[in-house]
Amino acid sequence: MFKKYNVIVVGGGHAGCEAAIAASNLGSSVLLVTMNMTTIAQMSCNPAMGGVAKGQILREIDAMGGLSGIIADKTTIQFRMLNQSKGPAMWSPRTQNDRMRFSEEWRLQLESRDNIDFWQDTVNEILVKDGKAVGVKTSLGIEIPGDSVVLTNGTFLNGLIHIGEKRFGGGRAGEKAATGLTEQLISLGFTAGRMKTGTPPRVDGRSLNYSLMEEQWGDDKKGKFSYTDVETPKEQRCCWITYTNESVHETLKEGFEKSPMFTGRIKGLGPRYCPSIEDKINRFAGRDRHQIFVEPEGWNTVEIYVNGFSTSLPEDVQYKALRKIPGFENARMFRPGYAIEYDFFPPMQLDATLETFLIKNLFFAGQINGTTGYEEAASQGMIAGINAHQRINDQHELILKRSEAYIGVLIDDLVTKGTEEPYRMFTSRAEHRLLLRQDNADERLTPLAHKLGLVSQDRLDKVNEKVENANTIINYLRKTSIDKDLINPILVENNNSPLTQNKKMVDLLTRPQLNIYDLANSNAEFKVLLNKFDEETIEQAEIKVKYESYFQKEFELINKMKKMEDQMINPDFEYSKLNSLSKEAREKLNKVKPRTIGQASRISGVTPSDISVLVVHLS
Ligand code: FAD
């Protein structure tokens, strides 16, 4: 029934979809095997994409030819650029999305690829020959041959759903759990762990009283994730904010004795930064209210996502407590909130390419690696899809550096340090975050993606043109002085000290109170020049000038580390023979098999003196 595929992707979630697209972009024949064709790219929890650090990841995926950004743009119901009052490294695009359209759009995109085939089934065994993955076996007993396999099972492996004292098997509400695979992988020598996550109830928007809530609109100037010309909807939908109160908390507490969280029935660790409402009122007992974001699930549905009210308390307690929130007095529930426990595979079992150490040509991506979030999953899927293709074609693997991309930070953290609780990305995890901004992901990554064959020449040309145009603006600012008599009125208006003599425009722009358009308003020639370029190009030039000294320091730091990051270690290096290493270092190095001295230095338990020993030995 099946031909032999180059890449078999198991799971049609965010990781699986990006893995399939990346391998397809590179020319592989791909089979996407997923349990349910109608839930492709389902947003299991919040119908939203991006946000702090996650928005940057989406821009990076887009810059490398992935589709999560484009699909989020097409299905946006509200756009906001978060953290605009802070520096540009913190600006983070976030969209509220139409859940059903998002899934539909992903499916249409996948179906439009001639080299992607589909099969709805559950994979419960990896076919392995001579230490290599050679295909999959499904619950229908079908064996499908493949040169490589990418596993992206999400929350489905032995998934167990909890609502109060009730618990039942499932990968997501209404969907079966995937069984068999964990057990087979353990029998092959893998280690598995258990994590948990949760989701809030959904309610009927027709039953809410919005006049008791605060409106929250999107930005007037709507941005997008993709650097391409993708069209986004013209309109935006309103969201609302309301708050819990003491009475809500008291009602929720009535259910605590039946809470699977507090009775110890849930064993897995949950995401620290997405706590359930019962966790919040328990941990922050002094707080008399918690914020609730009331978010529509799409353009044409009345269903509402109650963001901030994730819970696994009994459904009747959820219902009673919800109705005590201002605006929710008559709320009707569509679906109860629930918690889910699932298996994951500690990611130190993976190489930085996301290939497993134990079985060649087998890759893991997404929630199966202990992460949480659509963006984290999607980016890993893309990298696994690329490396699966590269591996079977004996091509160079792709490992993004920590100084190149948030995706590099994410994967390096996972494979070098592992994770014991669901890992989500934050800007604080990236030591070079000043350089890893949402505005420059194209400049950072599109040339690399083009070299690999992931994006077209046309796309690369556009990025190069943008960089050249920004440089034209910067050069003008560098060589031109501003007339003090023309700029002084603007400076005084902005409570800024006036100039006593003409000054180079580039120096003036570093003043925080001035923007590039103020300069254009005092120099007609510069205004004509700016009018030739689009807003993104002008913003790039402005950011590069304003923060140049900070960026310079970052580049110097990266250069200092470069020697360590570039010094490669053979993956088969036998640390056990290097007696001058500490015992702990030998064990840890053997487990992580770092690719570079830089990566080795980040392994906990490997000391600077161990690194010196390694460096001396390698040189
Ligand atoms: P998933 O999106 O879970 O997709 C897995 C896919 O694989 C599914 O299509 C499934 O059908 C398929 N599949 C699984 N096993 C097999 C098999 N053996 N054979 C064939 N197909 C298979 N993230 C947050 O950031 N914050 C949150 O608060 C949050 N809450 C969540 C609450 C719940 C209840 C759930 C379920 C998830 C939550 N998430 C949250 C996580 C978020 O949904 C995931 O991080 C993201 O969807 C992971 O993407 P993925 O592609 O790895 O897996």
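Arg59, Glu60 and Ala63 in H2 meet Ala441, Asp442, Arg444, Leu445, Thr446 and Ala449 in H11, where contact means heavy atoms within 4.5 Å. By class, this contact of H2 with H11 has 4 nonpolar, 1 polar and 4 charged residues. Ala, Val, Leu, Ile, Met, Phe, Trp, Tyr, Cys and Pro count as nonpolar; Asp, Glu, Lys and Arg count as charged; the others, Gly among them, count as polar.

The model is predicted: local features need pLDDT of at least 70, side-chain atom pairs count only at pLDDT 80 or more, and totals for chains, interfaces and linings use all residues. Residues are numbered from 1 along each chain as its sequence is written, and side-chain values use heavy atoms, with hydrogens and water left out.

Now the geometry. Helix H2 spans residues 54-63 and helix H11 residues 441-452. Helices are DSSP runs (H or I, at least four residues), numbered from the N terminus. The two pack at an angle of about 35 degrees, with axes 8 Å apart. Axes are lines fitted to C-alpha atoms over the stretch in contact, and angles run from 0 to 180 degrees between N-to-C directions.

The largest nonpolar core has 92 residues. Such a core is a set of buried Ala, Val, Leu, Ile, Met, Phe, Trp, Tyr and Cys residues joined through side-chain atoms within 4.5 Å; buried means under 20% relative accessible area (1.4 Å probe, protein chains only). Trp106, Leu151 and Leu362 touch the most other members. Helix H9 (residues 374-392) gives the most to this core, with 8 residues. Apart from it lies another core, of 25 residues, including Leu508 and Val545.

Notes. Buried means under 20% relative accessible area, exposed over 50%, partly exposed in between (1.4 Å probe, protein chains only).
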